[in-house]
Amino acid sequence: METNRYTVTEETLRRFDKPGPRYTSYPTAVEFHAGVDEAAYRDRLAKADACGPDAPLSFYTHLPFCEHRCLFCGCHVVITRNLDIGAKYLDYLKREIDLVASLLSKRRTVAQLQWGGGTPTYFTPDQLGDLLGHFKKYFTFESDAEIAVEVDPRVTTTEHLDCLVELGFNRLSMGVQDLTPEVQEAITRNQTVEQTRAMIEYARKVGFTEGINFDLIYGLPRQQLETFDKNLGQVIELRPDRVAVYSFAYVPWIKGHQKKLDKEELPSPDLKFKLYLMAMERFLEAGYEPIGMDHFALPEDELAQAARNRRLYRNFMGYTVKPASDMIALGVSGIGDVQRGYFQNEKKLSAYYAAIDDGRLPVSKGYLLDEDDRIRRYVITQLMCNFHVRKAKVAELFGIAFDDYFAVSLERLQEPIEAGFVEVTGDAVTVTDAGRLFVRNVCMAFDRYLEAKQRDKPIFSRTV
Ligand code: SF4
């Protein structure tokens with residue numbers, strides 16, 4: 001298999017296409033355990049509060065409701081058309097905001113807020129306004145705060161967009177996945193080009209002049225080179241500021257509804273790789289710049305500027321230029337990152353409600369990072385975001401000699417080095433252009449937990 005920029009043999013592809021984490025966190029959520037409880041979370045929130053008023057916070061709010069399930073979906077969702085269930089959830093969410101705010105009396109500025117789901121615009125504009133109004137009773141946005149929301153063009157109305165602009169939202173993330181009708185039929189998500197175009201045009205008209213992001217997926221059932229190419233052409237014509245091109249995470253052992261997808265219709269690893277290359281080449285040709293492993297942005301977008309300067313960061317919400325030191329998650333299943341600890345909220349509505357009724361933060365499990373975790377997290381984050389880690393910087397930050405500390409990892413890198421995916425010099429570890437898709441494999445060499453976890457049963461999706 002060959003393209004003008006990247007050459008990867010099928011044998012190499014087979015060798016590197018193995019289950020691996022996406023590294024939205026390190027250690028990954030697989031390491032979370034119930035020993036990290038509410039008391040631990042309160043303790044870390046108190047430490048976060050002690051950082052004082054000059055340290056802005058990030059917030060993620062999970063709004064889990066959708067009217068229908070899309071078969072490919074990997075999110076934590078509640079499928080219902082019963083609006084009372086949603087209204088009850090918002091009441092509890094506001095009570096969770098009260099609880100968290102009561103522990104953060106000194107720290108009230110916000111650099112980043114994201115509403116994700118589910119489908120945030122499942123709720124009415126009035127409900128969304130009420131929720132944000134409640135949040136703003138306690139917290140103040142910085143003047144250049146990033147206020148983002150995921151929108152589904154199938155259910156988001158012009159009234160929603162008017163309301164979101166008025167509330168101060170400045171980023172829209174639109175689920176698109178693939179505009180090809182046969183693919184949409186296979187994943188039970190029907191969303192026409194016209195719907196998507198109408199939404200982006202209206203969004204721009206009312207004030208989202210930048211900050212429109214599309215999510216696409218490669219590796220879905222029935223995807224073919226020809227139709228995928230057409231789909232990419234349609235997306236490029238709409239000119240979103242950013243595009244995420246995610247590899248489909250086929251994990252039917254975790255997401256039972258994915259069993260309804262016809263396995264025979266999934267693209268082979270070889271085709272999947274070609275789809276990825278096609279996306280990369282089409283976006284580069286169209287003037288987008290590559291961001292991390294699977295994002296693209298127009299050159300004037302701040303993510304592209306940060307990537308050029310190797311100043312990109314990543315948290316549970318994705319790539320960012322705003323690395324707030326603490327990220328607090330609100331809502332069912334949300335995962336926060338506070339003072340060197342990860343904390344995940346209850347996944348079941350009933351358990352989430354019960355905790356709040358008891359006046360408890362609804363945390364169900366988490367993980368507290370030790371020094372080794374922090375060192376490895378730094379290295380993995382640098383590789384995932386900037387494809388480069390400077391050994392001297394790691395030494396400066398953590399007081400270790402890189403080559404000694406990572407002797408085992410460097411040995412494990414031999415395979416990707418031989419494949420031309422990574423270069424190790426006396427100064428740095430650098431992922432090559434050809435290795436971008438395989439950056440997860442490179443990071444896996446630095447992961448202390450992986451071997452023990454992979455032995456027994458499948459956990460992670462495949463890296464290609
Ligand atoms: S709309 Fe989004 S969150 Fe809801 S089921 Fe479909 S993919 Fe999942």
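**Entry 1: the loops and their backbone**

I began with Pro-27, which I found in the loop between helix H1 (10-16) and helix H2 (38-50); helices (H or I, at least four residues) and strands (E, at least two) are DSSP runs numbered from the N terminus. The model is a predicted one, in which local features need pLDDT of at least 70 and side-chain atom pairs count only at pLDDT 80 or more, while totals for chains, interfaces and linings use all residues. Residues are numbered from 1 along each chain as its sequence is written.

I looked up the peptide bond that joins Tyr-26 and Pro-27 and noted that it is cis, with omega about -10 degrees. A cis bond also runs from Gly-117 to Gly-118, where omega is near 15 degrees, and Gly-118 sits in the loop between strand S4 (109-117) and H4. I kept in mind that most peptide bonds are trans and that most residues other than glycine have a negative phi.

With that in view I turned to Arg-310, which is not a glycine and yet has a positive phi of about 50 degrees. Arg-310 belongs to the loop between helix H10 (302-308) and strand S11 (313-315). I recorded Arg-310 as partly exposed because 13 other C-beta atoms lie within 10 Å; on this scale 20 or more other C-beta atoms within 10 Å of a residue's own make it buried, 12 or fewer make it exposed, and partly exposed lies in between, with the C-beta atoms placed from the backbone.

Phe-387 likewise has a positive phi, near 60 degrees, without being a glycine, and I located Phe-387 in the loop between helix H12 (371-386) and strand S17 (388-390). Phe-387 counts as buried, because it has 23 C-beta neighbours inside 10 Å.

**Entry 2: the ligand shell**

Which residues surround the ligand? I listed Cys-66, Arg-69, Cys-70, Cys-73, Cys-75, Val-77, Gly-117, Gly-118, Thr-119, Asp-152, Gly-175 and Arg-189, where a residue is near a molecule or strand if its C-beta atom, placed from the backbone, lies within 6 Å of it. Sorted by class, the shell has five nonpolar, four polar and three charged residues; Ala, Val, Leu, Ile, Met, Phe, Trp, Tyr, Cys and Pro count as nonpolar, Asp, Glu, Lys and Arg as charged, and the others, Gly among them, as polar.

**Entry 3: helix H3**

I followed helix H3 (residues 83-102) from end to end: its 20 residues reach 29 Å from the first C-alpha to the last, close to the 28 Å expected at 1.5 Å a residue, the expected span being 1.5 Å times one less than the number of residues. The buried residues of H3 are Tyr-89, Leu-93, Glu-96, Ile-97 and Val-100. Seen down the axis of H3, they fall within an arc of 105 degrees, so they line one face of the helix; the arc is that of the directions from the helix axis to the C-beta atoms. Asp-84, Ala-87, Asp-91 and Ser-102 are exposed on the face turned away from that buried side. The cover over the buried residues of H3 includes helix H4 (125-138), strand S13 (326-330) and helix H11 (349-357), with contact meaning that the C-beta atoms of two residues, placed from the backbone, lie within 7 Å.

**Entry 4: helix H7**

I made the same check on helix H7 (residues 193-206), whose 14 residues should span 20 Å at 1.5 Å a residue and whose end C-alpha atoms are 20 Å apart, which agrees. Thr-196, Met-199, Ile-200 and Ala-203 are the buried residues of H7, and they line one face, because they fall within an arc of 95 degrees seen down its axis. Glu-194, Glu-201 and Lys-205 are exposed on the other side of H7. Helix H5 (158-167), strand S6 (171-177), strand S7 (212-218) and H8 are among what covers the buried residues. Gly-207 follows H7 and has a positive phi, near 135 degrees.

**Entry 5: the two domains**

How is the protein chain divided? I noted domain 1 (15-327) and domain 2 (370-455), with bounds that come from an automatic or database domain assignment. Their C-alpha centres lie 27 Å apart, and 19 residues of domain 1 are in contact with 20 residues of domain 2. On the side of domain 1 that touches domain 2, I recorded 13 nonpolar, two polar and four charged residues.
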